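Here are a few notes from my look through this one. Have the structure open while you read them.

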Amino acid sequence: MRHLTLSLLVALPLIAATASAHDHAHGHGHDHKHRHAHDKVHDHHAHGHDQENLGAHEHGTGLLDVALEGETLVIMLKSPAANLVGFEHLPATDAERAAIAEARRQLEQPQQLFGLPTSAGCTVLSTDLHSPLFDASAGGADGHADIEASYSFSCSSPAALDRLDLAHLFQAFPHTEQLQVQAIAPAGQQAATLKPGQPALMLRP
Ligand SMILES: [Zn+2]
């Protein structure tokens, strides 16, 4: 496998990128978050090709991971920056800086953004926002850029957490056409595609 990867690395950068991402995922025990983080490095290779693997950056599409276990709810959003601010380069004008500030303001209000039922009594334990667009010194934003937002909540009445309604997110970020969701909840594991006309994710039967 290693020899194969190395030879492909010379001949076919796209396939090599896919193969090394695969290796990386195994090295981290299939950790979803790390695999996504690694993909970002290779996005500029994969983008624009027809055979993009799942998880590749595609404008209009965001990835959402949801996990509910006991009273702990974890939500991770990975989105092309274009979906949230309308561009992916470092901000150069006041209008672009304002667009980034507004996106951050929305992302810092996850209860509304993800439509958590108030009856579930969820409080935010942590909020973690990452993007080359948030940190000019990070550099490397000359091609595509993602925005990643991770949250954890403690919910005093998790039984009331029967669904997430992402209507507010689609309203706040109209360039987001769909969210590909992976959810782990008491109802089991599910994959779903949410859209502005179909923004609810059911977490219980
Ligand atoms: Zn892009």
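1. Let's start with I75, which touches V66, P110, F114 and Y151, leaving aside residues up to four places away in sequence. Touching here means that the C-beta atoms, placed from the backbone, lie within 7 Å. Bear in mind that this is a predicted model: local features need pLDDT of at least 70, side-chain atom pairs count only at pLDDT 80 or more, and totals for chains, interfaces and linings use all residues. Residues are numbered from 1 along each chain as its sequence is written.

2. Is I75 buried or exposed? I75 is buried, because 20 other C-beta atoms sit within 10 Å. The cut-offs: 20 or more such atoms is buried, 12 or fewer is exposed, and in between is partly exposed. I75 also has S152 at 6.4 Å, C-alpha to C-alpha, though 77 residues separate the two along the chain.

3. Strands are DSSP runs of E, at least two residues long, numbered from the N terminus. V74 is partly exposed, since it has 17 other C-beta atoms within 10 Å.

4. What does V74 touch, not counting residues up to four places away in sequence? V74 touches A67 and S152. The C-alpha atoms of V74 and A183 are 9.9 Å apart, with the residues 109 apart in sequence.

5. Seven bridges join β6 (residues 178-185) to β7 (residues 188-194), and the strands run antiparallel. Pairing takes at least two DSSP bridges. I184 has Q189 as its bridge partner in β7.

Technical notes: Contact = placed C-beta atoms within 7 Å. Helix = DSSP H or I, 4+ residues; strand = E, 2+ residues; numbered from the N terminus.
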